[in-house]
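Here is a short tour of a few local features, meant to be read with the model open beside it. Let's take them one at a time.

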Amino acid sequence: MSAPDWLPTSPLHGGNVAYLEQFSDEALASWLAQPVPGAAAGSDAAQIAVLRLINAYRYLGVRKAELDPLQRFEPPPTPELDPEHYGLTEADLAREFDTGSLFGVGRTTLADVLRRLRSAYCGHVGVEYMHITDVARKRWLQERIEAAQGRFGVSADLKKQLLKRLTDAETLEKFLHTRHVGQKRFSLEGGESLIPLLDQVISRCARHGAKEVVMGMAHRGRINVLVNIMGRAVDSLYEEPANGDPDTPLSGDVKYHQGFSTDVATPYGPVHLALAFNPSHLEIVHPVVRGSVRARQDRRGDVLGYEVVPVILHGDAALSGQGVVMESLNMSQTRGFRNGGAIHIVINNQIGFTTSDPRDVRSTLYCTDVAKMVEAPVLHVNGDDPEAVAFAVQTAVDFRYTFHKNVFIDLVCYRRHGHNEQDEPLATQPLMYRRINAHPSARVLYAQRLVEEGVLTQAQVDDLVDACRTRLEHGEPLRPPLETDFKETYGMNWGRFRGKAVPEVPTAVPAARLDFLGERITTLAHEIELHPRVQKVLDDRRRMRAGELPVDWGYAETLAYASLLDAGHNVRISGQDSARGTFFHRHAVWHDQKRERRQSGVYVPLEHLHDRQGDFTIIDSLLSEEAVLAFEYGYATAAPDTLVVWEAQFGDFVNGAQVVIDQFITSGEAKWGRLCGLVLLLPHGFEGQGPEHSSARLERFLQLCAQDNIQVCVPTLPAQLFHLLRRQIVRPTRKPLVIMSPKSLLRHPASTSSLADLSSGAFSPVIDDPRAPQQATRVVLCSGRVWFDLEAARAARGLDGVAIARVEQLYPFPEDALRETLNGYPHAATFVWAQEEPMNQGAWFQTLHHLNHCAPAGHRFHYAGRPAAAAPASGYVSRHRAELEALIGDALETPYEN
Ligand SMILES: Cc1ncc(C[n+]2csc(CCOP(=O)(O)OP(=O)(O)O)c2C)c(N)n1
Ligand SMILES: [Mg+2]
């Protein structure tokens, strides 16, 4: 075979090993893939062949690594790992070669090279790292792996500790199996090494300075983690509130979704551990954990993630199957969402429920291949070798702390029982499970090894089991909680926010303060040449401050944020293109037309109020709904005093994050008692933009409303948004707030407020007809922008007998306020609910009972709106207009039989 063009024909002349080294590993890899026709002739060629062989092991050694405890599959043919592939022969084995960058070797025989490579790359740890483009990261890993050569240098003390933790893991499962017969627990058996693994992760992180570790995981082994890692008492998991207890309105959740937080001791000091509550939706907790970690990091000013570390566990099937993993990884290094890298752990039991055939589960070789998109290294490790596991952990944690990047540990194991304990795995995996049934546990295998090594006697091994069993039988925790004041220090004191009632609070800001803030947000600290259209926005805001123009949405919203920052609260807003605003209205970041961003070419007025203000963060997010919204939920649940806002580009796209809405935002408090003050801004309104840019699916949010879980509002005036955003923080409760936010209203001349509207009053759940026509015989109620269409038509048609009022808060439904409004129209005989959404959508069916509750005796509300429709809106402007005309007529003039 001839060398590729870029290689000199005789690379060794003139010390050209170094020359070879400078070529990228990728280039060498592609050369490697070429077939080798004949024997390598001459010593130069043989030397090149040796270097190529070394490189091949770095890329492909993992394929021959002994990772699977069950040894079900033959390793795939990998001729690139055989010297013959490069034309090297038996005779070359004893010859000495230069080994290039093979760590710590220099010149040695080919036989020695092979031995070193096989022990480094083909033992119980298989590493994938050659996809990393950064040379420093790659070299760092190379050194670690090649220096160890599969010998992990584990001390006798650590060996005993590893066995003890394996024993705890196994004994707990056996104990639960007999104590709580027939109860689903999603046993960890087959993957017991997870417990010593997590122990090592926590203490290694502590050694690097971690003060908090936040974990997320699904069902598998969760009870084991709660007991063995978090120190939860077993009985506390199985306690249930008495049936029908009126003080327990919460739904609660199954025990394998329980979160917990505690402080644990490590040799390097105490660590606060939090395990996030999770729903069944396996991978969705991943971005939630990242958000919670980011909030904690922000609170500590921990920019690089030294003190707070996310540890995220995955199942093999879920990791490779669910799209939210890709979204979460994609955001993991971006400015607004990074954590300084997460430690990912895969409980790779080689099966998902009943599905394990490689031809069905994924299209990649490894379940971890998605990690490569962010160039994370992957350490695959045989779960039957706890020492290899400990080595993988040390390497992974040190890597994370050195480079602040994600890292994956793929714990290759098996699942001893069915998916849950009632499941019969032999029904679908007979061969796999026959093997498993004959396979001794990791504890038994490791105990045998330690007895053979003379580290422990069999009696001592048995004592470990007995001691654990005794503790469990006496109800003692397997990991006693630590007496620290950590919880007080790092806890978030949510107690002050708990409460069912959602009282109205004063949210007005004194005029003088508004004026001061208005000055700050319209003043440039340094010279910036704005785009003329942005300059116009700024000029207009200055005139709004002076009272020369009415207050628009952009100014009112910015003042709301300014007033909260002024009081020391932090404000965090993320969404696609949120800094400017999809509709060119927000302009929270000003761009100099002459300078690059990096050369202070941007100015964020809300960061420059005064020295004691809160932090303002506005993020143009990556194009993700699910992961980003989940992240913000996680953030908001860990930052009660920060106003956290997520904005959809158009409200229509929020359904890409439906899991977050269903499983966390609307039900998290009922299931887990988790409070959250997250705000969703969802642009909504039927303006002829077609089926996909009209509806944030108001009806879906309303359907999810119960037990005071969330708030759903449709503000139609800038001052309403101002008070609503402020109320979210000023009020002593925390409830998610869903806002159907404006699009065309942003520029509607009638949709403005005055400065006085901000310096007095509060959010009004119902806005009466400003004309309050007391003689009205017909009352039309609506929500949102259609009010302006109705009002314009009413005026144009001279329908003085019609009153049109707005319901601005749809949940909790303001029955008292609405009754009061309706009482103002004693002559009304016709009551109409008008909406622009089709009948099966919008607020109609979800609020009808409230409306009729409020209607005067003997009256009920009639519907005026589009007929039920499959698609939210028409794509034809003419049809859109005709439908609008029809619904206006129905609302204002069509007679209804009562
Ligand atoms: C999003 C989602 N889809 C489907 C399920 C149902 N389900 C529960 S566990 C499971 C298999 C998960 O396999 P894996 O991720 O490998 O975890 P393991 O149970 O093997 O530990 C499935 C399909 C679920 N919980 N969540
Ligand atoms: Mg699995």
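Leaving aside residues up to four places away in sequence, Arg496 touches Pro640, Asp641 and Pro732, where contact means heavy atoms within 4.5 Å. You will find Arg496 in the loop between helix H18 (486-490) and helix H19 (511-520); helices here are DSSP runs (H or I, at least four residues) and strands likewise (E, at least two), numbered from the N terminus. Arg496 has a relative accessible area of 40%, so it counts as partly exposed; buried means under 20% relative accessible area, exposed over 50%, and partly exposed in between (1.4 Å probe, protein chains only). Between the C-alpha atoms of Arg496 and Asp615, which are 119 residues apart along the chain, the separation is 22 Å.

A word on what you are looking at: this is a predicted model, in which local features need pLDDT of at least 70 and side-chain atom pairs count only at pLDDT 80 or more, while totals for chains, interfaces and linings use all residues. Residues are numbered from 1 along each chain as its sequence is written, chains are lettered from A and ligands numbered from 1 in the order in which they are written, and side-chain values use heavy atoms, with hydrogens and water left out.

Next, the metal site. Which protein donors does the magnesium ion (ligand 2) have? They are Asp316 (OD), Asn349 (OD1) and Ile351 (O), lying 2.0 Å from the ion. Donors are N, O and S atoms within 2.8 Å of the metal (3.2 Å for Na, K and Ca); water is not among the atoms, so sites may look incomplete. The spacing of the donor residues in sequence is D-x32-N-x1-I. Asp316 sits in helix H11 (residues 316-321) and Ile351 in the loop between strand E8 (343-348) and helix H13 (358-361), a pair 35 residues apart that links distant parts of the chain. Both Asp316 and Ile351 are buried.

Now for the cysteines. The structure holds zero disulfides, a disulfide being a pair of cysteine sulfur atoms within 2.5 Å. Two cysteines that are in no disulfide are listed here.

| Cysteine | Nearest cysteine sulfur | Distance |
|---|---|---|
| Cys413 | Cys367 | 9.9 Å |
| Cys705 | Cys713 | 9.8 Å |

Cys413 counts as buried because its relative accessibility is 1%, and Cys705 is buried as well, with a relative accessible area of 13%.
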